[in-house]
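Please look at the model shown here, and follow the account from the contact between its two chains down to a single residue.

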Number of protein chains: 2
Amino acid sequence: MIDSIEARDIRFPTSRDSHGSDAMNPDPDYSCAYVTLKMRGGDPAGNGLTFTIGRGNDLCVAAIEGLGKHLIGRSLDEFEADLGLASRLLLNDSQYRWLGPEKGVVHLAAAALINAVWDALAKRAKKPLWRYVADMSPEQIVSAIDFRHISDFLSKEEALHRLTQQAPGKAARIEFLTREGYPAYTTSAGWIGYSDAQIVQLLKGAYAEGWRHFKIKVGGDLATDVRRCALFRETLGKDVKLSVDANQVWNIDQAVAAIKAIAPYNIYWVEEPTSPDDVLGHKEIARQVAPIQLATGEHAHNKVMFKQFLQAQAIGFCQIDSCRLAGVNEVIAVMLMADKAGIPVCPHAGGVGLCEYVQHLSMIDFVCISGTMENRVIEHAAHLHQHFRNPIEIRNGRYLVPSAPGYSVDLWPQSMADHEFPHGKVWAEETVAS
Amino acid sequence: MIDSIEARDIRFPTSRDSHGSDAMNPDPDYSCAYVTLKMRGGDPAGNGLTFTIGRGNDLCVAAIEGLGKHLIGRSLDEFEADLGLASRLLLNDSQYRWLGPEKGVVHLAAAALINAVWDALAKRAKKPLWRYVADMSPEQIVSAIDFRHISDFLSKEEALHRLTQQAPGKAARIEFLTREGYPAYTTSAGWIGYSDAQIVQLLKGAYAEGWRHFKIKVGGDLATDVRRCALFRETLGKDVKLSVDANQVWNIDQAVAAIKAIAPYNIYWVEEPTSPDDVLGHKEIARQVAPIQLATGEHAHNKVMFKQFLQAQAIGFCQIDSCRLAGVNEVIAVMLMADKAGIPVCPHAGGVGLCEYVQHLSMIDFVCISGTMENRVIEHAAHLHQHFRNPIEIRNGRYLVPSAPGYSVDLWPQSMADHEFPHGKVWAEETVAS
C-alpha cells in the first residue's frame with residue numbers, strides 16, 4: 001500500500017556546455033521532478049520522473065505532491081486489478097484538470113506518478129516494464145486505456161482486435177528483440193550550440209561506434225542550417241540517414257522555405273517545424289514539402305493532439321514522449337492509434353531518463369502492437385546515463401533489451417543528493433538565478 | 001519601476017452551494033492567483049489575476065513568483081514604449097516554456113502578470129483599460145502582437161490594415177457604447193447542481209431583471225439534458241435565446257446525438273461539446289449538427305488553437321478567455337483573427353474576476369476591431385462581484401461601460417484577507433482537504 005509520496009527537484013547543469021541546446025532552447029538544464037511512492041506492507045517502492053529543462057521543475061514537484069495525495073492508501077493489488085485506476089484518479093480531479101486540461105505542469109506531474117505506479121507493479125512482478133506489459137492479455141492492455149475523446153478514431157473494440165491479432169506472434173518477437181535489440185538514432189552530435197569542428201569530431205566518433213542515423217538541430221539562420229547539413233554529408237557521405245530538428249521556431253512559410261533549402265541533403269524527417277499545437281499547419285507544410293516527412297510529438301500534450309495529427313495525415317513519424325503524455329496508459333493509446341494510421345512510432349528521448357523510459361515503450365509497440373521495427377528508431381542522446389541504477393545499453397546503434405525489473409528510472413541516491421536543487425553540491429557551488 | 005511581485009492564493013468556497021457546477025466540474029471553488037506589481041518611484045501598482053477552480057491555485061501563485069522575476073527592475077515607460085515586451089519576457093523564457101509550451105500553469109501565470117502590467121499602464125493613464133487601448137493608434141495596437149505561428153492566417157500588414165480601416169469610426173462607437181452599454185447573457189440560472197425548482201425560480205427572476213439570453217449546463221444523462229431544455233422553454237417561452245454548455249464531456253458521436261436530441265428547443269450555441277483540443281472533432285460535430293453552431297474557447301490555450309478553430313470553420317462563436325490566453329496581447333491577436341474569419345467574439349466569463357476583465361475586451365473588439373455588436377454577447381454570472389473595488393455594472397441585460405482607471409480586478413483588502421488559502425478566516429473555519 002502506498003504510504004507516502006516523496007517528490008524531489010533534481011537538476012543537472014547541462015547548459016554550462018551547451019549540451020541539449022537547440023533553436024528554441026539555448027540553455028537547458030536537464031532536470032526532473034522525481035517521485036518515489038513509498039510503501040508499507042512489503043511492496044517495492046515505485047519511482048517515476050517527469051523531464052523539464054530547469055526553471056519550473058519546482059512547479060512539477062509541487063504538482064506531484066498535490067496530485068499524489070489521490071494515490072495514498074491505495075494498494076498495488078488495486079492498481080493491478082484496474083490498470084486505468086491511477087490515470088483516472090489523477091486526470092479526473094476536476095480542480096486540477098482546470099489548469100490544463102490534460103496539458104502543462106499538471107499533466108507532466110500526473111505522468112511521473114502514473115509511471116511510478118507502473119514501475120512498482122513491474123518491480124513486484126520482477127519484470128522489466130516492457131515484459132510486464134508484453135505478458136498481459138489483450139483485454140488487460142485495453143483496460144489501461146481511457147477512450148474518451150479518441151473513440152471516433154480508435155474504438156475499444158478495434159484496439160482489442162488489433163492486440164488479439166498480434167498476440168500469437170509475441171513469443172517470436174520477444175525472442176528476436178532479446179537477440180537483436182531495437183534500432184536507434186543519435187542526437188548527440190548535433191546540438192545547436194556546438195561548433196562545426198565539434199560536430200565533425202562527434203559525427204566521426206558516432207559513426208565509428210556503429211551509428212547510421214543521426215539528427216542535427218536546425219532553425220538558426222537558413223545559411224547556417226544549409227551549411228550544417230552540407231557539413232554532415234561531407235563528413236559521413238550519403239549512405240547514412242540524416243534527420244533534422246527545428247524545435248518549433250518556424251512559421252509555415254519559413255518552414256517550407258527552409259525545408260526546401262535543405263532538401264538536397266536527403267532529409268529523413270523534419271522534426272517540430274512549427275508550433276506543436278498546429279495540426280493544420282503541419283498538414284500544410286507536409287503538403288508543400290512532400291515527399292519529405294514531418295515528425296512531431298515531444299510537445300504534443302495528449303492523445304487528442306496525436307489523434308488529430310494522425311487523422312490529418314500531418315506527420316510521417318509519431319514521436320511519443322514518455323512523460324509529456326500521462327504515462328504508460330496514454331502512450332499505449334497513442335501507439336495503438338499510430339498503428340491504425342500506419343505511422344511509425346519513434347519516441348522522443350534524451351534529456352534525463354527519457355532513453356531509459358522509452359526503450360520499454362518501443363519494445364511494447366514491437367511486441368504487442370505494430371509487430372515491426374520497420375522505419376522505427378528510438379532516439380538516443382549520450383548524456384547523464386551514469387546517474388541511473390540501470391542505464392540503457394547501446395551496441396552498434398541499437399538499444400539492448402533492459403532486463404532489470406521496473407521502468408529503469410531509479411536514480412542513484414548520491415546523484416540525487418548532489419543535484420538536488422538548490423542545495424545539492426552541484427548547485428550550492430554557484431550563485432543560481434532560478 | 002517594478003520593485004517586487006506579490007502573489008497571493010485567494011479561494012472562494014463556491015462548491016458549498018454548487019455555484020458554478022457543470023458536467024465536468026462538479027465542485028469548483030472559484031479561486032484566483034492574484035498578483036500585485038509593487039512599484040517604486042510613484043507609478044501606480046498593477047493588479048492582475050488568473051482564474052482557477054481551487055486545488056492547484058498554489059501552482060499558479062508559485063509560477064507567478066518564478067516568472068515574475070523577469071519584470072522586476074523594468075519601468076512602465078519601457079512597457080508602454082514596447083507593448084510586446086512583457087509578453088516576450090514571460091513567454092520566451094525557454095526553461096519555463098518547456099512546461100507548456102504556451103499552455104497550462106505557466107501560461108495562466110503569464111496571463112496574470114501581463115494583465116497586471118496593462119492594469120498599471122491604464123491606471124497611470126487614468127483610463128479604464130478598454131479606453132486606454134481604444135485611444136491607441138493602429139500601429140501601437142499591432143505592436144502588442146506576436147505574429148509567430150499565426151502569420152499564415154493573419155499577417156501584421158492585414159492586422160494593421162483592419163485597425164486602420166476601423167479607426168475613423170472609433171469616436172462614434174465610443175459614444176454609442178457609453179450610452180447603450182454592451183449586450184450580455186447570463187449563466188447564473190443553469191448550473192448543473194441546481195434543482196429544477198431552483199432553475200425555474202432563477203430563470204423567472206433573471207427575465208424580470210431584463211435578461212433575454214440564457215445558458216444552461218448540459219452533459220449529464222441525455223434525458224436530463226432534454227428535460228432541462230424543455231423546462232427552459234416551458235418557463236420562458238420561445239422568444240428568448242437559449243445556449244447550452246456541455247463542458248467537454250462528450251465524444252464526437254455522443255455530442256452529435258445529444259445536440260440532435262435538444263435541437264427542437266432552438267439552441268443558439270452549443271458550448272464545449274468535446275475536448276477543447278479537438279479542432280477536427282469540433283469541425284466534424286459542426287458538420288453533422290448544422291445549422292446549430294458550436295462555441296468554444298475558455299480552454300483554448302493559445303492563439304494557435306484559435307487560429308485552427310477559425311481556419312477549420314469549426315466554431316460559430318469565439319469564446320476568448322482573459323487569463324487562459326496570455327493576457328491582453330494574445331487576446332487582441334485572437335480577436336483580430338476572429339474578425340478576419342467573420343466569427344463573433346463572445347468572451348468566457350463568470351468565475352472570479354472574469355466578468356470584470358472581459359467587458360474591456362469586448363469593448364476593444366467593438367471600438368477598434370469588429371466595429372459591431374451583432375451576434376456578440378458577454379457572459380455574465382452573478383457571483384463574487386462584491387469582492388471587487390470596481391465591480392461590473394449590469395442594466396437590462398447589458399454591461400455598462402467601466403469608468404474607473406485600470407483593468408477592474410482590484411480585490412478589496414478585506415476580501416483577500418478573509419479568503420486567502422489556507423489561513424484566511426473562510427478556510428481556517430473548516431478542515432480543508434487541499
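How much area do chain A and chain B bury between them? In this predicted model, where local features need pLDDT of at least 70, side-chain atom pairs count only at pLDDT 80 or more, and totals for chains, interfaces and linings use all residues, residues are numbered from 1 along each chain as its sequence is written. Chains are lettered from A and ligands numbered from 1 in the order in which they are written, and side-chain values use heavy atoms, with hydrogens and water left out.

The two chains bury about 5100 Å², 53% of it on carbon and sulfur atoms, where buried area is the accessible area (1.4 Å probe) lost by two parts on being put together, summed over both. In chain A, the residues that lose the most area to chain B are A:Arg55, A:Gln95 and A:Trp98, together 18% of what that side buries.

Six salt bridges are found across this interface, each a side-chain nitrogen of Lys or Arg within 4 Å of a carboxyl oxygen of Asp or Glu. B:Arg55, for instance, forms a salt bridge with A:Asp93, with 3.0 Å between the closest N and O atoms.

Turning to one residue, B:His299 touches A:Trp98 and A:Pro101 as well as residues of chain B including B:Glu272 and B:Arg324, contact meaning heavy atoms within 4.5 Å. B:His299 counts as buried because its relative accessibility is 2%, and buried means under 20% relative accessible area (1.4 Å probe, protein chains only).

How values were computed
Buried means under 20% relative accessible area, exposed over 50%, partly exposed in between (1.4 Å probe, protein chains only). Lists of a residue's contacts leave out its neighbours within four places in sequence.
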